[in-house]
Amino acid sequence: MYSTGVAWQAQAVSYPLFGDVGAAEFAAYHLAYGAAIPWVVVVPGFVGFLAAAALPWTRPADVPRPLAAVAAAGGLVSIGVTVLWAIPMHDRLDAAGFSPDVLDSLLRANAVRTGALTVAAVALVGALLRRRAA
C-alpha cells in the first residue's frame with residue numbers, strides 16, 4: 001500500500017513538476033531525482049509489487065482467492081508497466097532532456113500503475129477488513 005501512495009504523489013506532484021524545471025537545468029534535476037529515489041521509491045516499490053504478486057501462494061486461508069488474485073494482478077501490472085514503460089521514459093528523459101511527449105507518456109504509464117496499485121490496495125484492505133470481521 002506504501003507504493004500506492006507514492007504512485008499517487010508522483011502522478012499529482014512529482015511528474016507534473018518536471019515540466020516546471022527549466023530546459024537548461026532539467027538534465028541535472030532529473031539525474032538528481034533518479035539518484036534520490038532508490039531507497040524511498042524503487043526498493044519499496046518492487047518489494048510491494050512482488051509481495052502482492054506472491055499473495056495467491058502466501059495468503060492466509062481466510063483471505064479469499066479472488067482478493068488475492070486482484071492484489072497479485074495489481075503487482076504484476078505494476079512490475080510490467082514500471083519495467084517496460086516507465087523506466088524507458090525516465091531513460092529517455094536522461095538521454096535527451098525534457099520532452100513534453102516523453103513526460104506525457106510517463107504520466108500515462110504512471111496512471112496505469114497508479115490504477116493497478118489502487119485496485120490492489122482496495123483488495124488488500126478488503127481482505128484485512130474481512131479478517132477482522134471473522
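Leu124 is partly exposed, with a relative accessible area of 26%; here buried means under 20% relative accessible area, exposed over 50%, and partly exposed in between (1.4 Å probe, protein chains only). Leu124 sits in helix α5, where helices (H or I, at least four residues) and strands (E, at least two) are DSSP runs, numbered from the N terminus.

Ala121 and Ala7 are 114 residues apart along the chain, and their C-alpha atoms are separated by 12 Å.

## About the model

A word on the ground rules: this is a predicted model, in which local features need pLDDT of at least 70 and side-chain atom pairs count only at pLDDT 80 or more, while totals for chains, interfaces and linings use all residues. Residues are numbered from 1 along each chain as its sequence is written, and side-chain values use heavy atoms, with hydrogens and water left out.

## The overall fold

The protein chain has five helices and zero strands, so its elements read α-α-α-α-α from the N terminus on. Along the principal axes, the C-alpha atoms of the protein chain fill a box of roughly 60 × 25 × 20 Å. Of the 134 residues in the protein chain, 36% are buried.

Helix α1 has 17 residues and reaches 22 Å from its first C-alpha to its last, close to the 24 Å expected at 1.5 Å a residue; the expected span is 1.5 Å times one less than the number of residues. At Ala10, α1 bends by about 50°, the bend at a residue being the angle between axes fitted to the seven residues ending there and the seven starting there. Ala10 is also one of the buried residues of α1, which are Ser3, Thr4, Ala7, Ala10, Ser14, Tyr15 and Phe18.

Helix α4 (residues 65-96) has 32 residues and spans 45 Å between its first and last C-alpha, close to the expected 46 Å. A kink of about 45° in α4 is centred on Thr82. After α4 comes Gly97, with a positive phi near 85°. Gly97 and Ala52 are 45 residues apart in sequence and 34 Å apart in space, C-alpha to C-alpha.

## The largest pocket

The largest pocket has a volume of about 500 Å³. Of the 27 residues that line the largest pocket, Tyr15, Ile37, Val41, Val42 and Arg113 are the closest to its centre. Two or more lining residues come from each of α1 (2-18), α2 (23-36), α3 (38-58), α4 and α5, and α1 gives the most, with eight residues. By class, the lining of the largest pocket has 15 nonpolar, nine polar and three charged residues.

For reference, a pocket is found on a 1 Å grid over the protein atoms alone, as an open set of points where a 1.4 Å probe fits, with protein on both sides within 12 Å along at least five of seven lines; lining residues have an atom within 4 Å of a point. Grid points are joined across faces, edges and corners, and a volume is the space filled by probe spheres set on the points. Ala, Val, Leu, Ile, Met, Phe, Trp, Tyr, Cys and Pro count as nonpolar, Asp, Glu, Lys and Arg as charged, and the others, Gly among them, as polar.

## The second largest pocket

Leu124 returns here. The second largest pocket has a volume of about 170 Å³, and of its 15 lining residues the closest to its centre are Met1, Gly48, Ala52, Leu117 and Leu124. Ala52 is found in helix α3 and counts as buried, at 12% relative accessibility.

Each of α1, α3, α4 and α5 supplies at least two residues of this lining, and α3 has the largest share, five residues. The lining of the second largest pocket divides into ten nonpolar, five polar and no charged residues.

## One salt bridge

Side chains of opposite charge can pair when their charged atoms come close. The structure holds one salt bridge, meaning a side-chain nitrogen of Lys or Arg within 4 Å of a carboxyl oxygen of Asp or Glu. The partners are Asp104 and Arg108, at 2.4 Å, N to O.

Both residues lie in helix α5 (residues 100-133), four residues apart, about one turn of the helix. Asp104 counts as partly exposed at 39% relative accessibility, and Arg108 is partly exposed too, with a relative accessible area of 41%.
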